Amino acid sequence: MARICCWNDIIHSMSLSAPSMPTGLKVFTQRKMAALGLLGLAGGLPLFLTSRTLQAWMTMEKVDLTTIGLFSLVGLPYSTKFLWSPFIDRYSMPFLGRRRGWMAATQAALALGIAALAFGNPRTATLAFAFTALTVAFLSATQDIVIDAYRVDVLEPREMGAGIAVYVIGYRAALLITGSAALILADRMSWNSVYLLMAALMLLGLAATAWAPEPPNAEKPPETLSAAIIDPFRDFFARSKWRAVVILIFITLYRLADSMAGNMATPFLLKSGFSQTDVGAIQGGVGLLATIVGALCGGAAIGRFGINRCLWVFGVLQLASNIGYYMLAISPGYGVMVACIIVENFCAGLVVAGFGAFFMCLCSPRFSATQYALMTSLMAFSRDVLVAPAGKIAEAAGWPGFFLITIAAGIPAMLLLPIFAPWSEPFPFGARRDPAEGAG
């Protein structure tokens with residue numbers, strides 16, 4: 001079945017139900033929509049528990065900054081998930097169907113893995129703690145692959161806009177719980193107890209998977225594992241030609257400035273004298289709200305101005321937003337901290353919208369799972385691996401110097417934009433233009 005794969009098509013699909021309010025409401029009352037909201041919650045829960053929230057726990061345990069920075073490497077599975085995504089496409093579990101079987105298996109394992117973190121000690125058993133966190137990240141990345149594929153299978157074209165919105169709300173709610181509520185709870189109970197509560201929440205995802213409807217017209221799996229591995233890459237490079245390599249480098253570098261700042265944001269705020277409650281309430285609460293607003297504004301801008309121009313503008317705003325952290329490092333203050341976090345997260349929301357549209361336009365409907373996994377893996381590689389020395393850089397340069405370095409780190413990606421996404425063109429080279437194929 002042909003699927004919508006570009007941002008403009010998704011916006012168009014949302015508008016199809018707009019003239020009739022009952023029809024629009026009926027879309028949101030379907031069982032699949034409620035399931036997607038809960039699956040979004042399950043998809044978002046592990047992310048901060050192996051990154052920002054874990055860093056807060058390590059900071060309070062007085063783990064040194066270099067080790068905290070290196071812990072971003074536990075997110076390596078998010079950067080390499082394309083390696084086993086063809087395997088997930090090719091094979092199925094013997095229960096709950098092709099997609100839901102894999103979801104149930106990963107969610108049960110995630111609940112156990114997060115509970116294992118709760119019994120760890122980041123200061124006295126650092127190596128074992130890191131291995132457990134790495135396992136949780138691997139399971140989380142696998143869950144992402146399967147949920148993305150399930151979302152494509154279960155949604156009809158007219159439902160995709162609503163389905164994506166519901167999923168994002170669930171995902172952001174999970175980030176609010178793990179990035180805000182967890183820090184606030186940690187001021188009132190031990191971190192071990194907090195992680196046990198988060199492990200119990202994963203059971204909601206398992207229940208949602210059991211309750212979620214089976215896709216009515218699921219795609220037939222690839223006949224061979226080699227076909228599932230080779231054909232998606234052959235298609236991508238055939239369409240983008242020599243620019244494909246430049247595009248992949250760009251995907252790796254575009255969010256580097258934001259990732260470097262984000263990797264050290266929680267330790268920076270805590271070491272600047274703000275309490276865990278302050279950081280949890282502003283960074284996890286108001287900050288996530290600003291991200292949602294930014295994503296909505298970014299989507300509207302893309303529909304009006306096109307993907308290419310938005311990649312340029314959003315990239316510049318992303319770099320400029322790090323100036324707020326530089327100002328906070330020079331002149332700490334509660335008001336400055338709130339403004340800094342709001343601006344940084346709003347700009348991050350713009351970039352999320354721009355990158356999402358960019359990815360969808362580059363994916364072929366036949367191979368969207370593996371191709372999308374490849375691109376999100378490269379983005380995660382920047383977030384989790386390239387930023388690993390961030391703690392060491394912060395120690396050597398000091399906080400003001402570190403945030404200036406993060407701004408400089410984002411410039412190379414901007415210099416690549418004219419090669420494949422010129423300002424005068426609405427879509428990047430390599431994007432499909434044929435509506436029958438799902439291009440915008």
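**A close look at one helix pair**

Modeller: The protein has 21 helices and zero strands. Keep in mind that this is a predicted model. Of its 440 residues, 55% are buried. Take the contacts between residues at least 6 apart in sequence: 84% of them join residues at least 24 apart.

Now the part itself. Helix H16 covers residues 307-321, and helix H17 covers residues 323-330. Their axes lie 4 Å apart, and the packing angle is about 5 degrees. Angles under 35 degrees count as roughly parallel, so H16 and H17 are roughly parallel to each other. On the H16 side, the contact uses Leu319, Ala320 and Ser321. On the H17 side, Ile323, Gly324 and Tyr325 take part. By type, the residues of this contact are four nonpolar, two polar and no charged.

Next, the cysteines. Cys310 has 3% relative accessibility. Buried means under 20%, so Cys310 counts as buried. Cys340 also has a value of 3%, and therefore counts as buried too. A disulfide is a covalent bond between the sulfur atoms of two cysteines. The structure holds zero disulfides.

For another helix, turn to H3, residues 31-49. H3 has 19 residues. From first C-alpha to last, H3 reaches 29 Å, close to the expected 27 Å. H3 is mostly covered, with 16 of its 19 residues buried.

Start with Ala369. Ala369 sits in helix H19, residues 368-386. Its relative accessibility is 25%, so Ala369 counts as partly exposed. Between Ala369 and Pro232 there are 137 residues of separation in sequence, and the C-alpha to C-alpha distance is 9.0 Å.

Then take Thr224. Thr224 belongs to the loop between helix H11 (191-211) and helix H12 (225-240). With a relative accessible area of 37%, Thr224 is therefore partly exposed. Thr224 and Tyr91 are 133 residues apart in sequence, and 9.7 Å apart in space, C-alpha to C-alpha.

H16 and H17 run roughly parallel, because their packing angle is about 5 degrees. Look for Leu319 and Tyr325 among the residues of that contact.

Technical notes: Residues numbered from 1 in each chain as written. Predicted model: local features only at pLDDT ≥ 70, side-chain atom pairs only at ≥ 80, totals over all residues. Heavy atoms only, no water. Axes fitted to C-alpha atoms, helices over the stretch in contact; angles between N-to-C directions. Helix = DSSP H or I, 4+ residues; strand = E, 2+ residues; numbered from the N terminus. Parallel < 35°, antiparallel > 145°, perpendicular 65-115°, else oblique. Contact = heavy atoms within 4.5 Å. Nonpolar A, V, L, I, M, F, W, Y, C, P; charged D, E, K, R; others polar. Disulfide = S-S within 2.5 Å. Buried < 20%, exposed > 50% of the residue type's maximum accessible area, 1.4 Å probe, protein only. Expected span 1.5 Å × (residues − 1).
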